[in-house]
Amino acid sequence: MKVSVFAPASIGNVSVGFDVLGLAVTPVDGTLLGDVVTVEESQIDTLDVVGEFADKLPKEKEQNIVWHCLLLFNAALKAQAVEVKTVALSLDKKMPVGSGLGSSACSVVAALVALNEFYQKPLSSEHLLKLMGEMEANISGSLHYDNVAPCFLGGLQLMVPDEQVITRDIPLFSDCYYVMAYPGITVNTKAAREILPSQYSREQLIAFGQNLATFIDASYRQDKAMAFAMIKDVVAEPYRKSLLPGFEQAKQAVSKLGSLAAGISGSGPTMFSVYETLEQAETAATWLKQNYLQSDQGFVHVCKADEVGARIID
Ligand SMILES: Nc1ncnc2c1ncn2[C@@H]1O[C@H](COP(=O)(O)OP(=O)(O)OP(=O)(O)O)[C@@H](O)[C@H]1O
Ligand SMILES: N[C@@H](CCO)C(=O)O
């Protein structure tokens with residue numbers, strides 16, 4: 001038995017829902033923007049890391065979060081009295097680390113889903129999602145599901161404060177194009193959280209609640225203009241944009257090129273922007289390639305919402 005699982009990139013926060021909203025995305029040209037984990041039976045437990053961004057990860061397998069996923073998954077199997085096998089794991093690291101694209105979430109989700117498939121699904125989806133949250137909390141220092149939930153389940157996910165539910169699928173705008181521009185520099189999620197204020201004013205609190213509630217209402221009514229007018233980040237962007245060279249200029253430029261909204265994807269440095277037509281998205285992508293990239297590791301992808309989430313691939 002050999003199983004390979006792909007887990008897609010995601011936009012954490014979607015600007016309007018800090019830590020509580022996330023959207024999975026997939027390039028329109030068929031590029032696999034995400035990580036792939038393969039599991040097969042073996043004499044001993046091993047982890048092989050390949051792919052474009054493999055050299056950006058710690059060399060020792062014990063430092064790799066896919067290895068931590070194996071240990072966590074095995075403990076969950078033992079708790080259910082399921083016999084644990086030894087496995088060869090392979091991670092195809094296609095996602096840049098510290099990119100704001102949910103790179104660690106991609107590895108966590110691909111690993112846990114692949115292991116669960118390998119064992120023919122001993123753990124429920126709810127149990128898997130909790131393990132994914134636990135992994136993300138260890139990595140970033142606080143429990144937030146806004147990357148792992150959309151990466152696992154696909155679509156636009158709203159985290160709810162109920163441990164039995166965790167996340168709700170929100171209607172998305174499936175005809176929109178999302179341009180993801182990764183400038184090729186790294187922003188560590190933990191560090192990007194530490195620069196945020198520990199307290200916000202009443203004015204900021206009201207703006208946050210009103211924007212998010214209006215966005216969710218407009219999403220249910222499929223009112224695109226109202227929904228994207230609410231993509232305003234009062235929690236993180238004002239403080240994090242100083243970490244992102246050229247972000248403000250790029251936001252203004254894509255607005256002139258017809259973007260419905262733009263913001264920081266997750267904790268950055270990737271910028272996302274939203275368009276009604278493919279032509280507008282491609283024009284903005286060209287501008288961003290020429291002006292927003294900071295190194296030759298950077299890239300720009302025109303995407304749509306990924307409505308599937310983690311999936312088995314050949
Ligand atoms: N398979 C892995 N994928 C990603 N990061 C890993 C992996 N294994 C170990 N790490 C380490 O975990 C940390 C992840 O850091 P960070 O949370 O900033 O990245 P990220 O989740 O990729 O960010 P983002 O969500 O913004 O894309 C890094 O120190 C990285 O070296
Ligand atoms: N909600 C998290 C996402 C990290 O990708 C943050 O913005 O810190």
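Trainee: Which of the residues around ligand 2 come nearest?

Mentor: G12, D19, D146, G266 and S267 come nearest, out of 15 residues around ligand 2. A residue counts as near if its C-beta atom, placed from the backbone, lies within 6 Å of the molecule. First, the ground rules. This is a predicted model, in which local features need pLDDT of at least 70, side-chain atom pairs count only at pLDDT 80 or more, and totals for chains, interfaces and linings use all residues. Residues are numbered from 1 along each chain as its sequence is written, while chains are lettered from A and ligands numbered from 1 in the order in which they are written.

Back to the site. By class, the shell around ligand 2 has 3 nonpolar, 9 polar and 3 charged residues. Here Ala, Val, Leu, Ile, Met, Phe, Trp, Tyr, Cys and Pro are nonpolar, Asp, Glu, Lys and Arg are charged, and the others, Gly among them, are polar. Helix α5 (residues 189-194) gives the most to this shell, with 3 residues. Helices (H or I, at least four residues) and strands (E, at least two) are DSSP runs numbered from the N terminus.

Now place the site in the chain. The domain assignment gives domain 1 (2-171 + 309-313) and domain 2 (177-303); such bounds come from an automatic or database assignment. Both domains give residues to the shell around ligand 2, so ligand 2 lies between them. The domain centres, taken over C-alpha atoms, are 23 Å apart.

α1 and α2 pack at about 40°, with axes 9 Å apart. Axes are lines fitted to C-alpha atoms, for helices over the stretch in contact, and angles run from 0 to 180 degrees between N-to-C directions. α1 brings I65, V66, C69, L70 and F73 to the contact, and α2 brings S104, S107, V108, A111, L112 and L115. That contact has 9 nonpolar, 2 polar and no charged residues.

Five strands form an open sheet in the order β5-β6-β4-β1-β13, with mixed pairing. Strands pair if DSSP finds at least two bridges between them. The edge strands, β5 (46-50) and β13 (311-313), each pair on one side only. The twist averages 25° from one strand to the next. β1 (residues 2-8) and β13 pair in the antiparallel sense over 3 bridges. S4 has I313 of β13 as its bridge partner. α1 packs on the sheet and touches β4 (34-41), β5 and β6 (87-92), making about 145° with β6. α2 lies across β1, β4, β6 and β13, at about 150° to β1.

Key: Two residues are in contact if their C-beta atoms, placed from the backbone, lie within 7 Å.
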